[in-house]
Amino acid sequence: MRDIVSALRGRYRSIVIVSVCGALNSFGMGTIGPVLPLFTQQEYHVNATQVGIAIGLFGAGRLFTGVPAGYLSQRYGRKPILALGAAVNLFGATMVSMSFHFWWLTGWRFVSGLGSNAFSTVITVYLRDESDPATRGRILSTQELSILSGQILGPLVGGYLGSAFGLRIPLVAQAVLMALSFALILFALPESRWREVQAQQPARADSRPQGGQPRATGRGSFWNLVRSPAFIFVGLFAIMIVANRQGARFSVMPLFGKVKGFGPQQLGWWLSVTHLPQFFTTVTSGYLSDRFGRKSPIIPSVVLMCAGIAAFVWADSLWQLLLSGVLMGMGEGLGSPAGTVFYADIAPPGMEGVTLGIFRSFAGIGTVAGAMVFGAIADLWGFPWALWVDAILFAAAGIGVVLFVRETRRRAA
């Protein structure tokens with residue numbers, strides 16, 4: 001019994017440390033969120049499109065490093081690649097804080113994004129190693145919670161530092177936070193249980209999980225994975241979650257809100273109120289997926305998200321605006337962890353890193369496609385049509401998961 005308690009303490013200590021590293025990374029990104037557009041425009045006298053390039057290239061890095069980071073972590077271990085991603089992110093953030101030219105800042109933002117996505121991908125793989133099917137939903141949801149904690153606190157700290165000490169100081173603060181995360185990885189974080197998991201794989205190579213998803217190893221396992229309904233429909237659902245966040249909520253909705261007569265302060269409140277309910281529904285999503293099956297959070301997520309979009313379209317007062325933010329925050333909190341857990345379940349033995357790296361790359365697709373598609377629809381047919389298309393596509397993706405994807409975990413007894 002004492003040996004079991006000791007093992008659990010060591011296991012959950014690792015989860016806490018890696019979650020703190022993720023929170024520091026998110027905290028740093030949140031710190032520069034409210035000041036980077038102002039700093040870029042004020043310092044280099046560029047237009048709004050160039051400001052968008054400087055901000056957006058960070059997210060574009062997600063398209064390039066997810067799969068390589070997953071593959072390398074599968075081959076060389078989680079900790080070395082996690083440290084490498086943190087180091088690249090730290091170096092890029094440090095160069096951004098010392099920027100003296102617009103293209104210098106933009107280029108290093110892209111480099112920082114490459115490291116950040118590699119870092120986030122391997123954290124997902126690490127947490128999967130430390131979980132089992134019975135606890136996977138709750139343990140993987142800790143990554144979402146660490147991101148949310150940074151998104152809630154970071155902008156408050158960054159806004160204060162920028163107002164009190166100048167717009168460059170939050171950029172320096174981001175680099176300091178990245179350095180703390182990197183130091184924790186080097187000196188406090190142990191390697192995950194990936195070698196132990198690999199050693200157990202030959203014994204279960206021919207087994208099938210509860211949901212009947214393909215788990216074969218060797219040649220053809222990757223193609224079995226990418227042809228499976230779970231890979232396709234859960235991937236589309238993950239793309240739509242990010243497309244809604246980046247393309248609708250952070251791009252089209254603020255512009256539509258301005259047309260409706262809402263000012264920057266009201267829109268700021270609207271964005272802020274999404275995070276607190278999202279924090280609690282993220283915890284709920286992990287519990288539901290472990291207790292009742294991976295699909296259980298999907299339909300509530302779709303209903304809440306579509307209700308939030310509809311509330312925004314019809315909003316003509318502040319309380320209706322805030323209600324829409326609360327509904328969308330709850331919907332994203334339920335839906336976002338569910339996709340990660342599905343991909344962690346269907347990953348073939350020996351390909352966990354690559355599978356989760358592909359999943360992380362879907363966020364980059366959602367970031368780029370969401371802003372472009374919904375923005376183009378808004379220009380052609382108006383803001384309401386862009387948001388209705390967003391709701392329809394989101395609902396279709398969620399219903400596709402429910403109808404065509406086999407459950408990967410049965411209901412608990």
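Visitor: Is serine 301 buried or exposed?
Guide: Buried means under 20% relative accessible area, exposed over 50% and partly exposed in between, with a 1.4 Å probe and protein chains only as cover. Serine 301 has a relative accessible area of 0%, so this residue counts as buried.

Visitor: Good start! What kind of model is this, and how many helices does the chain have?
Guide: This is a predicted model, where local features need pLDDT of at least 70 and side-chain atom pairs pLDDT 80 or more, while totals for chains, interfaces and linings use all residues. Residues are numbered from 1 along each chain as its sequence is written, and side-chain values use heavy atoms, without hydrogens or water. Helices (H or I, at least four residues) and strands (E, at least two) are DSSP runs numbered from the N terminus. The chain has zero strands, and its helices number 17.

Visitor: Back to serine 301: which residues does it contact, leaving aside neighbours within four places in sequence?
Guide: Serine 301 sits in helix 14, and the buried residues of that helix also include Met305 and Ile309. Contact means heavy atoms within 4.5 Å. With those neighbours left aside, the partners of serine 301 are Phe237, Gly331, Leu334, Gly335 and Phe394.

Visitor: How far apart are the end C-alpha atoms of helix 11?
Guide: The expected span of a helix is 1.5 Å times one less than its number of residues. For helix 11, residues 229-260, a straight helix of 32 residues would reach 46 Å. The model falls short of that, with the end C-alpha atoms only 41 Å apart.

Visitor: Where does helix 11 kink?
Guide: The bend at a residue is the angle between axes fitted to the seven residues ending there and the seven starting there. In helix 11 a kink of about 40° lies shortly before proline 254, at methionine 253.

Visitor: Why is the pair of phenylalanine 256 and phenylalanine 383 classed as it is?
Guide: Rings of Phe, Tyr and Trp (its six-membered ring) pair if their centres lie within 6.5 Å; planes under 30 degrees apart count as stacked, over 60 as edge-to-face and the rest as tilted. Because the ring centres are 5.4 Å apart and the planes stand at 20°, the pair is stacked.

Visitor: One more: what distance separates the C-alpha atoms of alanine 118 and glycine 70?
Guide: Alanine 118 lies in helix 6, residues 102-129, and is buried with a relative accessible area of 10%. Leaving aside neighbours within four places, alanine 118 contacts Thr65, Ala69 and Gly85. Glycine 70 is 48 residues away along the chain, yet the two C-alpha atoms are separated by 7.8 Å.
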